[in-house]
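My entries follow in the order in which I looked.

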Amino acid sequence: MKVALFIPCYVRAVDPDVIEACWKLLRHLGVDVEIPPGQTCCGQPMGNAGYEEDTKALKARFETLFQQYDVIVGPSSSCVAYIREHYGDLFRGRIFEICEYIHDVLKPESLPGRFPHKVSLHNSCHGTRLAALAAPSELNIPYFNKLKDLLGLIDGVEVVEPERRDECCGFGGLFSVEESAVSVKMGTDKVRRHIETGAEYITAADSSCLMHQGGIIAAKKLPIKTIHILKILACGL
Amino acid sequence: MSEPKHAAAAAAYLKDTAKVDWQDETLWLVRGKRDRLSKELPEWEQLREAASQIKLYSNSHLPELLEQFEQKAVANGAIVHWAKDAEEYRQIIGGLLQDHGVRLFVKSKSMLSEECGLVPYLKSLGIDAVETDLGERIIQLMGLKPSHIVLPAVHIKREEVGRLFEREMGTEPGNSDPTYLTHAARRNLREYFLHADAGMTGANFAVASTGEVVVCTNEGNADMGTSLPKLQIAAFGIDKLVPDRESLGVFTRLLARTATGQPVTTYTTHYSAPRPGSEFHIVLVDNGRSRILADREHFRLLNCLRCGGCMNTCPVYRRSGGYSYSYFIPGPVGINLGMTADPKRHQGNLSACSLCHSCNDVCPVKMDLADQIYSWRQHYHASPAKKVLSDGMRAVMGGPGRFHAALAAAPGLVKAMKACGIQWGSGREFPDFAPVKQQKKIDSLDHEQ
């Protein structure tokens, strides 16, 4: 089985260590993953802004790079959900957010490493409401949280969720630019609720939310840090 | 003509942080009540699915359901009118009131009357239309528009209501106790109820199999307003039709739980026949609804119950207030309905969505509100700046060479921008881009053992 690692553009740009963590985790769990060279962007930022029509070349590039693989995994629920929704049937059933893949398909019973810290789990909108990483708070369905389950495999980590556990942090791609006042207010409120848990870190499966909240933490010099969940999961590798 | 953009109005609104936080908390409380109540029903998600299917059925069988409704209503003794647009709606109601020599007219809450500009029109005819829903009455006395469709005065503080009532109803100076003010409003409204020549309601539902008009309120004001006058009017959109009482039961279980976090509204009144010696007129209004029905991407908007649930959950609405939107219905469904009414005029609202999809999951009739906003954005581009950014990104992402060159330049560029004090919106710094060496490490991973 051929498994490809999809590198979302902004993850390469702002937090490439996440990719290394993906790589290590998948290898550790026995997956012979490949990284197709020449990856750029799936087109989501332009699509969400209203310019999906202009992303045909990006889609074609993505399809050429990935269509030969049986499984594609990527560290971004947002991009994965976008591809599922906007790429027709081509990748249906074979593209996964990486935590989803580890949790649902690989199902490890343990992971090495110790992370003796309190972390506040950021349940991203697209992770929760589009990629089913957790039960959306709006729905009357039994509670589940795949990210929490995975963090439970790491020794020493204490996981909490903020009040309003899956309210949007206000990133939203170009929303953060076009509606910057609302976006910053949403992010400020979100970071405050994470801080109120007493956690040292905000962790999430989406670098985009962390990048936005990190920008607010930096501007206001707030007493909390961000860390991508894969770095915690791969901390013993 | 394009209205002012939501983003600019929201930025101005956000300057008063204390008020913004108060409004956000108030609306979040309602969302919380809705969450608790919805979770008391194990069959909640099946109810939502059933409601969605019934609405899709009703709206795709309108010709027969409307005719059935009319037949039954006429048999019940009602007089049925048809209005193709806002103008006909205004003229029918204005005509009825003039024919009956009405001077004082009481009405309960109706978003359709806002949609069709009824009250100002009646005023031009010399007819005083008094809003009897407390929130609507407050807004009317203040000369404002509703900022929320179910909680029209949710942005008004009780102290402001106290001062308003002091001026309008002679209440004690400085007394803003909610119970005291409510009693004052009740006494004041009672005079209008006693002397009104006609009373009007909208409708939450219209039952095709029985010809009944169903009105849900908490204050009983609709019942008060329709109990005495010799002329009663019920006017509503054709999307309010439901096939029968059995399907009505699905909606009444969802409506109040989603709207205000109550198991059911205090009053759920079924109007069918006129009272002895009086007339009951029903006005069925299209005003663009059949056009929405014909729109492949947006016909699901006709599912809407006007419960306001999407507003209470929307993180953008809660932080930007109803008046930041150019359409009279704000929030997720308002963004969409505004676009069906006049896209050029209301495209400035399309930015007011982070695509968090919470509205989709709250909606009791499962409208795909966020997806529809995505879809409008593909056809209406209100912001030239956004086009520049999108084009820029697309150019950079066109090939790995360009992408990597841009990424190599980014760390230095961002550093320079930060040094100049440029931020990513006020109160948020740009991310630090990873140094090239760190980025390059990814490309060597494949060759590691």
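**Helix α5 of chain A**

I listed the buried residues of α5(A) and found Ser77(A), Ser78(A), Cys79(A), Val80(A), Ala81(A), Tyr82(A) and Ile83(A); a residue is buried if 20 or more other C-beta atoms, placed from the backbone, lie within 10 Å of its own. I noted that the model is predicted, so that local features need pLDDT of at least 70 and side-chain atom pairs count only at 80 or more, while totals for chains, interfaces and linings use all residues. Residues are numbered from 1 along each chain as its sequence is written, and chains are lettered from A in the order in which they are written.

The helix spans residues 77-86 and is mostly covered, with 7 of its 10 residues buried. I then looked up its partners: the buried residues pack against α3, β3, β4, α7 and α11 of chain A, where a contact means C-beta atoms, placed from the backbone, within 7 Å. After α5(A) comes Gly88(A), which has a positive phi near 65 degrees.

**Chain A as a whole**

I counted 12 helices and 8 strands in chain A, taken as DSSP runs (H or I, at least four residues, for helices; E, at least two, for strands) and numbered from the N terminus. Of the 237 residues in this chain, 60% are buried. The C-alpha atoms fill a box of roughly 45 × 45 × 35 Å along the principal axes.

**Contact with chain B**

Finally I checked the neighbouring chain, and 59 residues of chain B are in contact with 63 residues of chain A.

How values were computed. A residue is buried if 20 or more other C-beta atoms lie within 10 Å of its own, exposed if 12 or fewer, and partly exposed in between; C-beta atoms are placed from the backbone. Two residues are in contact if their C-beta atoms, placed from the backbone, lie within 7 Å.
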